[in-house]
Amino acid sequence: MSALALLLTAALPVAAAPVKPGPFTTFGDWAVACDNANRCTLTTLDPEGAAPSEVFTVMREAGSPGRWKLWLTARTDEDPFAIEIGGEQVGGAFRATPDGATIEGSTARAVAAALPGARRIAVIDGTGRELARISSDGLDDALRYMDTVQGRAGTVTAAIARGRKPESAVPAAPVLPIVPVVRPVGHPPVLTQARIKALRRRAKCPVARGTVKAQVHSLDHLRNVVLVPCRTTGDNPTEAVFLLDKGVAKPARLDATPGLGGWTRVPRVTNGSYANGSLYSYARKARDGDCGVSQHFLWDGTLFRLIEQAQMDVCRGNTTFLNTWRVRLRIK
């Protein structure tokens, strides 16, 4: 999972807003996702039946002026390298790192301004030799979609659907929901094999033979979370999530559907793990991990709240998951 971009605040009231991740869609060789605050991210997909596209990701914040941030994951060891659009180098050379290059500020604005209408986008080395190609198929439609979601169409800030409306006409970004941070305390109990297997039966998991290990973690002095292995085969093993409240087991409460499946009587996370009040789920749609959904839930003292979701709904060679849900955190 990528690093969280969460704002911590202690002044605003907590409101349990309904969880509604933003939309994910594709245009040609580009995927687009906008989160619940209308931050939109575009990224390349490998063209069908053609050479792989360079992985190029474009993000723009909602509101005015709409900060740009770009990532170029170079499939080359050349250093430095640069972006060429329509035969012209844009933004200067970038120093290579193992993860490629991050482009911000005025350079990001210059590259973004050159993208609309581009027919040839390439990565070049210091001599101008082409190292890799970035597909432009669907890029204009993806930029136009982003303008629409962010309410920029017809304004001077639009990427492609530019008009005469002033910057002040762009709507502000929606306010992110706030989730309290509750630090876990206490010590978890040790569950017997008989108790673990009883929880598996209760969650209607496949019958297990031999020893079954469960993850047991303390939330506070009275409550504990238990992750019981449920489906243990394949690329997406699942864990049933229980809450032990004063020793009594009950299905844990989550405010969003975990993984790729629907709700079950006892919620199940995929490739689940827990650490310091955080519950994680990562479901693959393909074995090589280039598509699926990653989720991060946080214990708020009552239930596990979704604080980040990132996904890639199509399996076309790009392992960059795009954010569709995020929150602000309040330290209690």
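Predicted model: local features only at pLDDT ≥ 70, side-chain atom pairs only at ≥ 80, totals over all residues.
Stop 1: Now widen the selection to strand S3, residues 40–44. S3 and S4 run antiparallel and are joined by four bridges.

**Stop 2: across to S5.** Stay on Val 58 and find Leu 70 in strand S5, which stands opposite Val 58. Select residues 68–73 to see the whole of S5. How many bridges pair S4 with S5? There are six, and this pairing is antiparallel too.

**Stop 3: S4 itself.** Select residues 55–60 and show the side chains. Val 55, Thr 57 and Met 59 point one way, while Phe 56, Val 58 and Arg 60 point the other way. Are these residues buried or exposed? They are all buried. With six of its six residues buried, S4 is largely enclosed by the rest of the structure. The cut-off behind that word is a relative accessible area under 20%.

**Stop 4: Glu 130 and two arginines.** Time for some charged side chains. Select Glu 130 together with Arg 120: their side chains meet in a salt bridge, at 2.6 Å from N to O. Glu 130 sits in strand S10 (residues 130–134) and Arg 120 in the loop between helix H1 and strand S9, so this pair ties together parts that are 10 residues apart in sequence. Glu 130 is partly exposed at 32% relative accessibility, and Arg 120 is partly exposed at 28%.

Arg 133 has a relative accessible area of 41%, so it counts as partly exposed.

**Stop 5: a link between distant parts.** Jump to Asp 255 and Arg 305, whose side chains meet in a salt bridge at 3.5 Å, N to O. Where does each partner sit? Asp 255 is in the loop between strands S15 and S16, whereas Arg 305 is in strand S20 (residues 304–312), and the two are 50 residues apart. Asp 255 is partly exposed at 22% relative accessible area, but Arg 305 is buried at 5%.

**Stop 6: a network.** Finally, select Arg 39, Glu 61, Arg 67, Lys 69 and Glu 104 together. Salt bridges that share partners join these five into one network.

Notes. Residues numbered from 1 in each chain as written. Heavy atoms only, no water. Buried < 20%, exposed > 50% of the residue type's maximum accessible area, 1.4 Å probe, protein only. Pairing = 2+ DSSP bridges. Salt bridge = Lys/Arg side-chain N within 4 Å of Asp/Glu carboxyl O.
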